[in-house]
Amino acid sequence: MTLPNLITVARLLMVPLAIMMILDGRWMPAFLVFALAGLSDAVDGYLARRFAMASDLGAYLDPIADKALIVSIYVTLALVGAVPSWLVVLVVSRDVMIVAAVILSWMMSKPLPIAPFLVSKLNTLAQLLFAALLLGSRAFGFEPGLAIGIGSGVVALLTLASMAAYLAFWLRHMAA
């Protein structure tokens, strides 16, 4: 168990805490926990690369933690009316598609290599920043205005692009 993996596990443990705070309307603590979880994603990746602490466990654990954080936050924000439902459906559908493709590939004895695409990293960043905007606007009491429409559009476009990239990769992999 490496330090980056421990940080990733800590991120997973922050997810239910952030959800409970959102549901209780405790926006500042929810924002701070979410921001810490997002920061931990950058820190664990940096440490793993910089200090040669990358591991097979981390290669699987990190995207699981990312998906748990993003899906849980978006679904919870939708429950409290803070994010458009159509965007949540898109975000969750992408992650379900990816997980289903990985499981199906494994079941068919054609396991996929776990390596994110650049568009996927940009997508994750956009999703995290948009969720931070939504939480931060409530925590700090400001109206995000036009940023909501722009953020929703950027997240939707990157989510669709990432979905298409993974689908094309999976189809090529399965045909080989």
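Analyst: Contact means heavy atoms within 4.5 Å. This is a predicted model, in which local features need pLDDT of at least 70, side-chain atom pairs count only at pLDDT 80 or more, and totals for chains, interfaces and linings use all residues. Residues are numbered from 1 along each chain as its sequence is written, and side-chain values use heavy atoms, with hydrogens and water left out.

User: Leaving aside its neighbours within four places in sequence, which residues is D66 in contact with?

Analyst: D66 is found in helix α3, residues 56–79. Helices here are DSSP runs (H or I, at least four residues), numbered from the N terminus. With neighbours within four places in sequence set aside, the contacts of D66 are R11 and D41.

User: Is D66 buried or exposed?

Analyst: Buried means under 20% relative accessible area, exposed means over 50%, and partly exposed lies in between (1.4 Å probe, protein chains only). D66 has 15% relative accessibility, so D66 counts as buried.

User: How many residues apart are D62 and R11?

Analyst: The side chains of D62 and R11 also meet in a salt bridge, at 2.6 Å from N to O. This pair links distant parts of the chain: D62 is in helix α3, R11 is in helix α1 (residues 3–23), and the separation is 51 residues.

User: What is the relative accessible area of R11, and which residues are linked with R11 in a network of salt bridges?

Analyst: R11 is buried, with a relative accessible area of 0%. The structure holds six salt bridges. The network links R11 with D41, D44, D62 and D66.

User: Which residue forms a salt bridge with D95?

Analyst: D95 counts as buried, at 7% relative accessibility. The closest N and O atoms of its salt bridge are 3.4 Å apart, and the partner is K67.

User: How many residues apart in sequence are the parts that D95 and K67 tie together?

Analyst: K67 is partly exposed, with a relative accessible area of 21%. The salt bridge of D95 and K67 has its closest N and O atoms 3.4 Å apart. D95 lies in helix α4 and K67 in helix α3, so the pair ties together parts whose separation in sequence is 28 residues.

User: Why is the F31 and F140 pair classed as it is, and what is the class?

Analyst: A search of the whole structure finds three aromatic pairs. Rings of Phe, Tyr and Trp (its six-membered ring) pair if their centres lie within 6.5 Å; planes under 30 degrees apart count as stacked, over 60 as edge-to-face and the rest as tilted. The F31 and F140 ring centres are 5.4 Å apart and the planes are at 80°, so the pair is edge-to-face.

User: F117 and Y166 form one aromatic cluster with which residue?

Analyst: The ring centres of F117 and Y166 are 4.8 Å apart with planes at 40°, so this pair is tilted. F117 lies in the loop between α4 (85–107) and α5, and Y166 lies in helix α6 (residues 146–175), so the pair ties together parts that are 49 residues apart in sequence. Y166 counts as buried at 16% relative accessibility. F117 and Y166 form one aromatic cluster with F169.

User: Which ring face does R50 lie over?

Analyst: A charge sits over a ring if NZ of Lys or CZ of Arg is within 6 Å of the ring centre and within 35 degrees of the ring normal. R138 lies over the face of W27, at 5.6 Å from the ring centre. R50 is 5.2 Å from a ring centre, over the face of F51.

User: What is the phi of A52, about?

Analyst: A52 is found in the loop between α2 and α3. A52 is exposed, with a relative accessible area of 69%. Although A52 is not a glycine, its phi is positive, at about 50°.

Conventions. Helices (H or I, at least four residues) and strands (E, at least two) are DSSP runs, numbered from the N terminus. A salt bridge is a side-chain nitrogen of Lys or Arg within 4 Å of a carboxyl oxygen of Asp or Glu.
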